[in-house]
Amino acid sequence: MNSPVQIWRQHKKLHEYLNQVGKLLVWTKVLVPPAGFEHEAPYLVGIVELGREKLPLQIVDCEEKDLKVNKLVKIAIRKIGKVKSEDVIEYGLKVKLL
């Protein structure tokens, strides 16, 4: 896990992306997740175009059958990973369908 100072610095930048609308370029379903994300499997991820940026983001609050290329998505801020009571809660960018 990152240090509390690193997490705080990352959190300061999150508001710049909040509620931005982008386009889903490609998506996939992750069945075998990396260490630390086992509790979320299976989950959906995609490449999202936000203006000139292309970001790899997890897709939340939707079913696989609802996903289509070029569908509009909205940035959301969500908790990342699992934390113990003494840990700092880390938040990050994810997307949901419009």
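How many helices and strands does the chain have? I looked this up before anything else. The model is a predicted one, and in it I find 1 helix and 5 strands. Starting at the N terminus, I read the order of elements as α-β-β-β-β-β.

Next entry: overall dimensions. I note a radius of gyration of 14 Å for the chain, close to the 13 Å that the globule rule gives for 98 residues, so the chain is as compact as a globular protein of that length. Along the principal axes, the C-alpha atoms fill a box of roughly 40 × 30 × 20 Å.

Next entry: the surface. I have about 6700 Å² down as the accessible surface of the chain, and carbon and sulfur atoms hold 54% of that. Which residues form a nonpolar patch on the surface? I list Leu18, Ile77, Ile89 and Tyr91, and together they have about 310 Å² of accessible area.

Last entry: one member of the patch, Ile89. Where is the place of Ile89? I find Ile89 in a loop, with β4 (72–79) on one side and β5 (91–97) on the other. Is Ile89 buried, partly exposed or exposed? Its relative accessibility is 37%.

Technical notes:
Residues numbered from 1 in each chain as written. Predicted model: local features only at pLDDT ≥ 70, side-chain atom pairs only at ≥ 80, totals over all residues. Heavy atoms only, no water. Patch = residues over 30% accessible without salt bridge, like charges linked within 9 Å, V, L, I, M, F, W, Y side chains within 5 Å. Areas by Shrake-Rupley, 256 points an atom, 1.4 Å probe, with all protein chains shown as cover. Salt bridge = Lys/Arg side-chain N within 4 Å of Asp/Glu carboxyl O. Helix = DSSP H or I, 4+ residues; strand = E, 2+ residues; numbered from the N terminus. Buried < 20%, exposed > 50% of the residue type's maximum accessible area, 1.4 Å probe, protein only. Rg over C-alpha atoms; globule rule 2.2 N^0.38 Å.
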